[in-house]
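Here's a quick tour for anyone meeting this structure for the first time. Have a look at the sequence and the model, then read on.

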Amino acid sequence: GNQKTTHSENSQGKKSQHAEEAIFYMNCRAAYLTVLKSSLENIKSKDQLSLVLQQAGRNPSQKTIDKYWTSQTSSLNFDDFCAILKKEKPATKNELLEAFGKIDTDKAGYISHDVLCKILTTRGDKMTWEEVTSITKQADFNCNGKLDYNKFCELYLSTRERCCRAARDRLDTDPRLRQQRFGNQTENAPEGITLPGPKPSPRGSRRTDHKLAKGDSRAPSRPSSAQSSKASTSSTVTVGASSSRSTKLIIEPDTMKEWQCAQSRGCFYLEENGEIISHKYRLHLPQRSALCVTIKPFTIPQAQGKSCHWLSVDTALFILKENETQENLQLVSFTELQNREMFGWRGELGAGVYWLLPFTTGCRLRKGKTQISGEAKLLWRDEDGELALTKEFRAALLDIFETIDLDGNGLLSLEEYNFFELRTSGEKCDQEAWAVCKENFEMKKNELTRQGFLDLNLMEANDRDGDPWDLWVTLLSLGYNRALEMTEACPFVIDICAERCKPRIKAVSLEAGGSQLSRALCRSVVSKGEARVLDGSGNIFIHTCRSGSRITSVIENKSENKVIIHVNNEQSKNCLNNRGLTVFAVEVAPKSMMVSQHVMALNEQEEWIYSCVHSLV
C-alpha cells in the first residue's frame with residue numbers, strides 16, 4: 001500500500017512538472033510570436049532581444065542584455081530565448097518591495113520624487129529626467145511629491161500580467177500563430193492533463209547563427225516508445241575502461257628542444273544560464289612553420305595535492321584562419337589527439353593571423369547541487385581591530401591570481417587585470433586608475449604583484465567596513481562556491497611550439513564561443529565523423545565523431561523543410577551528455593545543421609557504451 005501511495009505521488013509530481021513546463025513553453029512562444037513572425041525566425045539585435053523579454057514579463061537591464069548578447073552574437077534562436085527565461089525570473093512583489101525598502105530607510109512606504117529622480121538618473125541603467133517625470137505624474141501611485149511604492153508595485157505586477165495574458169490570447173485566437181505550435185496538444189499527454197503545447201528542454205542549445213544552426217531544442221512531444229517515427233538510424237560505440245585517454249599525442253623532446261614556444265593561461269566560466277564563456281586568442285605566425293598546439297586544465301600551485309573538480313573537465317581548441325573580415329573565419333583544425341588530460345594538434349601552418357577558440361562540451365562543467373556544510377569566513381580582525389584576510393580566503397585569492405596571470409610571469413598587467421575586472425564588475429580600469437593603484441599597491445614594471453593583489457582586495461573590504469558582500473560577488477563570478485571551492489570554472493593553459501619562428505599568442509576577449517565556435521564545431525564533426533542517413537529520409541544525416549574521451553553527434557538537414565528529430569539514449573551505459581537528458585527532441589531548420597549532443601563517460605575507469613537512436617518524428 002505504501003509503495004502504491006509513493007508511486008501515485010511520484011506520478012502526480014511528474015504530471016504537475018510536465019504541466020508547469022508546458023505552460024512555461026506556451027508563454028515563451030506567445031511572447032516570441034508577439035515580436036517575431038515565426039519561432040524559426042531569429043532574434044537579430046539587442047533591441048529585439050530586449051523587446052521580446054519585455055513581452056515575456058521581464059524588465060531586462062542593459063547588463064542583462066549584454067550578458068546574453070556579446071560582440072560575437074549575430075542572432076539568438078527560440079531555444080536560446082527559452083533558456084534565458086529559465087534563468088531570468090520575473091521580479092516578485094517581495095523583491096520589488098525589498099529594493100524600494102533599501103531607499104526608504106524610514107520604512108514610511110513612500111519615496112520623495114527628488115530622491116527617486118536622483119537615483120534613477122544617476123545609477124544603473126540611467127533614465128532621463130523626462131522618463132522619471134512620466135512615472136511621477138501617474139496619479140495612481142503619487143501624492144504630495146511622493147511615490148507610494150506599494151501601489152506602484154501592485155500596478156506594475158498587474159500590468160505585466162495583463163500584457164502576458166494578451167500575448168497568450170493572441171496566440172489562441174490567431175489561426176496563423178496557432179498552426180505554428182509543434183506536436184499534438186492532447187495525444188500522449190499525461191493522464192488527466194491536457195497540455196497546451198510541448199515542453200521545453202531544461203537545457204537550451206548553444207548560441208548559434210541563423211545560417212548554420214537555426215534549430216531549437218526541446219523535450220520530446222511523444223514518449224520514447226511511440227511508433228510514430230518515419231525514419232531512424234542508430235549509432236553504437238563501445239569504449240573500454242580508460243581507453244578514452246589512450247590516444248597518444250606524440251611530442252618528441254629531442255626533436256622539439258630547439259623549437260620556440262609561447263604560452264597563455266585562460267579559464268572557462270559557467271554562467272548563471274548554463275552558458276560557458278572563456279578567453280579567446282589571436283595567434284600570429286611570422287612565417288610558415290611546423291606547429292604543436294596543446295590545451296589542458298591548469299593545476300594552480302595552491303591546489304596541488306587537493307581533489308580539483310575542474311581537472312576532469314574536457315578541453316579542446318579550434319584553430320581558425322583570419323581572412324579579410326573577422327566574421328569570415330575558416331576552420332583549419334582542432335585538437336583531436338589526447339594524452340591523459342591534454343588535447344593537442346600537430347601540423348604545419350602558413351604565416352598569418354589565426355584565432356584560437358577554446359571549447360568544453362559542458363558534460364562536466366555544469367550546474368550542480370553540491371551540499372555545503374557552511375559559508376567560509378573571508379575576514380577577521382586582529383588584536384588592534386584591524387581587518388585581515390583569513391588563511392582560506394588568502395589561498396583562494398592566490399589561486400585566482402594564478403588563473404588571471406595569463407602570461408604566467410607572476411605579475412598582473414593592466415590588460416590581464418582588466419579581464420578580471422570585466423568578469424567581476426563588468427567595467428575596465430583605465431590608465432589613470434591604474435596609476436592610482438601604482439601609488440597604493442606593490443607593483444613591478446608597472447604590473448601588480450601578488451601582494452599588491454591581496455592588499456587591493458583587503459582595501460575593498462576596509463572600504464565596506466568588513467562587509468564581505470562585494471568580495472563574495474567577486475568569488476561567485478569566478479566560479480567559487482560559499483565553501484571557497486572552484487566548482488563552476490575551469491582554468492586551462494595553452495602551449496604553442498613552432499619549429500621555424502617565434503609564435504605570439506594574445507588573449508583578446510572573454511565571452512561565449514558564439515556562431516564562429518558553433519560553425520567550427522559542426523564542421524569538425526562533419527569532416528572527421530561517420531555520416532549515416534536517416535533511413536527513408538534521404539536528406540537528413542547524423543554525423544558521429546569520437547575525439548579522445550568524447551563523442552559528438554551533429555544533425556544535418558539538407559531538406560527544404562524544418563524537421564523534428566527524436567533522440568533516445570536509453571540503451572547507453574555509463575554515459576553523461578551535455579543536455580542532462582536521456583530522451584529529448586531537436587528541431588532543425590531547413591538547410592542547416594546543429595549539434596545533437598556531446599557524450600562522455602560517467603566513470604572513465606569502467607567500460608562505457610554510447611548507443612543512440614535518432615528518429616524523424
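Leaving aside its neighbours within four places in sequence, which residues is Ile496 in contact with? Before the answer, keep in mind that this is a predicted model.

**Ile496**
- Setting aside neighbours within four places in sequence, Ile496 is in contact with Gln260, Cys261, Ala262, Leu283, Leu291, Cys292, Val293, Leu356, Pro503 and Ile505.
- You'll find Ile496 in strand β18, which covers residues 489-498.
- With a relative accessible area of 0%, Ile496 counts as buried, because the cut-off for that is under 20%.
- Gln260 sits 236 residues away from Ile496 in sequence, yet their C-alpha atoms are 8.3 Å apart in space.

**Leu36**
- Leu36 belongs to the loop between α1 (2-35) and α2 (46-55).
- Leu36 is buried too, at a relative accessible area of 2%.
- Apart from neighbours within four places in sequence, Leu36 is in contact with Glu41, Asn42, Ile43 and Gln48.
- From Leu36 to Val52 it's 16 residues in sequence and 8.5 Å in space, C-alpha to C-alpha.

**Helices α11 and α14**
- The axes of α11 (residues 391-404) and α14 (residues 450-463) come within 10 Å and cross at roughly 125°, so α11 is oblique to α14.
- The crossing of α11 past α14 is right-handed.
- On the α11 side, Arg394, Leu397, Leu398, Ile400, Phe401, Glu402 and Ile404 take part, and they meet Arg450, Gln451, Phe453, Leu454 and Asn457 of α14.
- Sorted by type, the residues of this α11 and α14 contact are seven nonpolar, two polar and three charged.

Note on methods. Residues numbered from 1 in each chain as written. Predicted model: local features only at pLDDT ≥ 70, side-chain atom pairs only at ≥ 80, totals over all residues. Heavy atoms only, no water. Axes fitted to C-alpha atoms, helices over the stretch in contact; angles between N-to-C directions. Helix = DSSP H or I, 4+ residues; strand = E, 2+ residues; numbered from the N terminus. Parallel < 35°, antiparallel > 145°, perpendicular 65-115°, else oblique. Left-handed = near helix turned anticlockwise from the far one by under 90°. Contact = heavy atoms within 4.5 Å. Nonpolar A, V, L, I, M, F, W, Y, C, P; charged D, E, K, R; others polar. Buried < 20%, exposed > 50% of the residue type's maximum accessible area, 1.4 Å probe, protein only.
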